[in-house]
Amino acid sequence: MRMVDIIQKKRNGNELTDEEIRFFIKGYTEESIPDYQASALLMSIYFKGMTPQETATLTKAMVESGETIDLSAIDGVKVDKHSTGGVGDKVTFIVAPLVASVDVPVAKMSGRGLGHTGGTLDKLESIRGFNIAISKEEFVANVNNHKLSVAGQTGNLAPADKKLYALRDVTATVDSIPLIAGSIMSKKLASGADGIVLDVKTGTGAFMKTLKEAEALAKEMVSIGQNLGRNTVAVISDMNQPLGFEVGNANEVKEAVEVLQGKEVNDLRKLSLELGAHMAVFANVFATYDEAYAALEKNLENGKAFTAFRNMVEAQGGDVGMIDDLTKLPKASHHIEVKAHQDGYVAAIDAETIGVAAMHLGAGRATKEDKIDHSVGLSLKKKVGDAVRAGEPLVVIHSNDEDPEVSINKVYEAYEISDEKPDTLELIYKVID
Ligand code: URA
């Protein structure tokens, strides 16, 4: 088999066989296929697409390129949740303990942030002492004892995806639906969960800018999951503005804990209950979505979900004093109000630009080597649809730099103020199962 023939076949719009896809993934992982040929195939896939059969084979071949995690030592049905990436997305900190509180085991492997979206692990490390690098044995024991553990990814999961993702990043082939679907699902499948609940973001701050694209991606991922024997559902949710009010690290943990303590942050609460209810149904703990939703809502109100989060922090060496008294979380030295220049309504908040503003403060990484400053971030004082008067704060910037000029300018760039009240943004557009 020759790589040049595979490239030509795809370039001409024909369907590749399982053998051809496997030949490519194996050869590229083992470095017998060079970057220039892999790039040519990726670009052909970008333009010609892949059939569901091709995408499923690609995903499976990427899973098989490395190790897979065996979660069989954890009792019960394990269900994972994955977000395609958003700004202010601290839903994991709410949904994971929420689901654990109804006895669904949550063995969550998470990543660090790069670019304008934050990483779950970085945010958790705002809590002094919280150890994300626990051994596999501790991870399993924590889930068996407390139903919940969040740790850094260990092992060499889907190395083919790692190499291909880096190549896609520099060959303008990231935003291809079969390639994104294969990339995300290969990692989820290798992580060993029995069921997968996907939060597919759509809007200005998401990979998928339109609902149509998000729906196509969601369908593709659900079909891969189901084809490979895992219960999979996708919830398509809004990313036309950041989720909740806080963007950063410590301040995002604070907001999530406040929701666990009963604070009404509508979008965060609703999305967490929606995703959690699907997880609890997959885990066979409830027969129907409505039953699961009601039970989760109850555990948000009676404090059981908060206790599950606190137990996890304690089990992983974190300072629970910071959770009991949220003012003890890291705090920046300057708090700068970014004030509106005119009266009107907030018509839009570009989530990606807010994410970039946070990154410039030090809340995220521009390169893998950058160190995170957990104390900095932004608090949104106005969200889409809110009325605003000139001189009122749109955002408070928490910074360790006295004059974070770039971030202030980014906030003005992100906020669009109009004379007319805009239509209300939907939070959940569709559920694909
Ligand atoms: N996230 C991934 O893991 N892979 C993609 O291709 C896009 C987003």
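Mentor: Let us begin with I432, which is placed in strand β13 (residues 428-432); helices (H or I, at least four residues) and strands (E, at least two) are DSSP runs, numbered from the N terminus. This is a predicted model, in which local features need pLDDT of at least 70, side-chain atom pairs count only at pLDDT 80 or more, and totals for chains, interfaces and linings use all residues. Residues are numbered from 1 along each chain as its sequence is written, and side-chain values use heavy atoms, with hydrogens and water left out.

Trainee: Why is I432 called buried?

Mentor: Buried means under 20% relative accessible area, exposed over 50%, and partly exposed in between (1.4 Å probe, protein chains only). I432 has a relative accessible area of 10%, and therefore counts as buried. Its C-alpha atom is 24 Å from that of A351, a residue 81 positions away in sequence.

Trainee: What is the C-alpha separation of N251 and L329, which are 78 residues apart along the chain?

Mentor: Their C-alpha atoms are separated by 8.1 Å. N251 lies in helix α11 (residues 250-260), and it is buried because its relative accessibility is 11%.

Trainee: What makes the phi of D103 and of A172 worth noting?

Mentor: Most residues other than glycine have a negative phi. D103, however, has a positive phi near 70°, and A172 has a positive phi near 55°. D103 is in the loop between α5 (92-100) and β2 (106-110), while A172 is in the loop between α8 (159-169) and α9.

Trainee: Are D103 and A172 buried or exposed?

Mentor: D103 has 53% relative accessibility and so counts as exposed. A172, at 56%, is likewise exposed.

Trainee: Why is the pair E30 and K26 called a salt bridge?

Mentor: A salt bridge is a side-chain nitrogen of Lys or Arg within 4 Å of a carboxyl oxygen of Asp or Glu. In E30 and K26 the closest N and O atoms are 3.2 Å apart, and the pair forms a salt bridge. E30 is exposed because its relative accessibility is 51%, and K26 is exposed because its value is 52%. By this rule the count comes to 30 salt bridges.

Trainee: What separates E215 and K219 within helix α10?

Mentor: E215 and K219 are four residues apart in helix α10 (residues 211-227), and therefore about one helical turn separates them. An α-helix has 3.6 residues a turn, so residues three or four places apart point the same way. The side chains of E215 and K219 meet in a salt bridge at 3.4 Å, N to O. E215, at 16%, is buried, whereas K219, at 45%, is partly exposed.

Trainee: Which parts does the salt bridge of D267 and K383 tie together?

Mentor: The closest N and O atoms of D267 and K383 are 3.0 Å apart. D267 lies in helix α12 (residues 266-282) and K383 in the loop between β9 (377-380) and β10 (387-388), so the pair ties together parts 116 residues apart in sequence. Both D267 and K383 are buried.

Trainee: Which residues are linked in a network of salt bridges?

Mentor: The network links E264, R269, E297 and E301.

Trainee: Why does D403 count as partly exposed?

Mentor: Its relative accessibility is 48%, so D403 counts as partly exposed. D403 is placed in the loop between β11 (393-399) and α17 (405-414).
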